[in-house]
Amino acid sequence: GKTWQLGGIAPHDQVNESTVTELSSGDLMLNMRNYDKEEDFRKVALSKDGGNTWSEVYSDTTLLEPICQGSLISHRFSEEGFLAFSNPGNKDKRINMTVRISPDDGKTWSVSKTIHEGPSAYSNLISLPDGYLGIFFEAGHERPYEGLAFKIISPADLNLNE
């Protein structure tokens, strides 16, 4: 973090509030909020050169998009690494805060766990020192912005082996 340089631009409009993570290959994955109301999915681009250039943007049809920020990280519970993604898991409303797990760098999302069934919005995933995941998110009973919640997620919560 001592030096920074401006990276390239993903070749697509109607996206913002992006999150990036490093894949097992060392490539980068940019995951973006999509505000094109004709498409209900997150947008993704890949970089093989540290973010200087990006691939064409594509839709990840597993990651539903209610037009809301999401969070993406690379994580390890044990020896196995995977991607973890969170956002409201509904294409129409900011509800059902969901964590999804991909064991294959985002090609598939084999695990999906609803963390909060009610109204929910922005979220942030973190890797905790004990190997568990943490999720900090907006949540409420009537509206997504009534409060903030933090939940620790164990491998057992996601039906993964510890």
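**Group meeting: strands, salt bridges and a nonpolar patch**

Before I go on, a word on what you are looking at. This is a predicted model, where local features need pLDDT of at least 70, side-chain atom pairs count only at pLDDT 80 or more, and totals for chains, interfaces and linings use all residues. Residues are numbered from 1 along each chain as its sequence is written, and side-chain values use heavy atoms, with hydrogens and water left out.

Back to Glu17. Which side chain does Glu17 meet in a salt bridge? That would be Arg33, at 2.9 Å from N to O. Glu17 sits in strand β1 and Arg33 in strand β2, so the pair ties together parts that are 16 residues apart in sequence. Arg33 counts as buried, at 13% relative accessibility. For the term itself, a salt bridge here is a side-chain nitrogen of Lys or Arg within 4 Å of a carboxyl oxygen of Asp or Glu.

Now the sheet around that pair. Four strands make an open sheet in the order β1-β2-β3-β4, and the pairing is antiparallel. The strands β1 (15-22) and β4 (58-64) stand at the edges with a single partner strand each, so one side of each has no neighbour in the sheet. From one strand to the next, the twist averages 35°; such angles run from 0 to 180 degrees between N-to-C directions, with axes fitted as lines to C-alpha atoms. A strand is a DSSP run of E with at least two residues, numbered from the N terminus, and two strands pair if DSSP finds at least two bridges between them.

Let's zoom in on β1 and β2. These two pair in the antiparallel sense over six bridges, with β2 covering residues 28-34. Val15 has Asn34 as its bridge partner in β2, and Glu22 has Leu28. The hairpin has five residues between the strands, and Gly26 there takes a positive phi near 95°. Gln14, in the segment before β1, also deserves a glance: Gln14 is not a glycine, yet has a positive phi of about 65°.

How many salt bridges does the structure hold? The count is seven. One of them joins Lys91 to Asp40, with the closest N and O atoms 3.8 Å apart. This pair links distant parts of the chain, 51 residues apart: Lys91 is in the loop between β6 (81-88) and β7 (95-102), and Asp40 is in the loop between β2 and β3 (41-47). Lys91 also meets Asp92 in a salt bridge, at 3.8 Å from N to O, and Asp40, Lys91 and Asp92 are linked in a network. Asp92 is exposed at 57% relative accessible area, while Lys91 is partly exposed at 39%.

Last stop, the nonpolar patch. Ile126, Phe136, Leu148, Phe150 and Ile152 form it on the surface, with about 490 Å² of accessible area together. Patch members have over 30% relative accessible area and no salt bridge, with nonpolar side chains joined within 5 Å. Strand β10 (residues 147-153) gives the most, with three residues. Ile152 lies in β10 and is partly exposed at 45%.

Thanks, everyone!

Notes:
Patches are made of residues with over 30% relative accessible area and no salt bridge: like charges are joined within 9 Å, nonpolar side chains (Val, Leu, Ile, Met, Phe, Trp, Tyr) within 5 Å. Accessible areas come from the Shrake-Rupley method with a 1.4 Å probe; for residues, only the protein chains shown count as cover. Buried means under 20% relative accessible area, exposed over 50%, partly exposed in between (1.4 Å probe, protein chains only).
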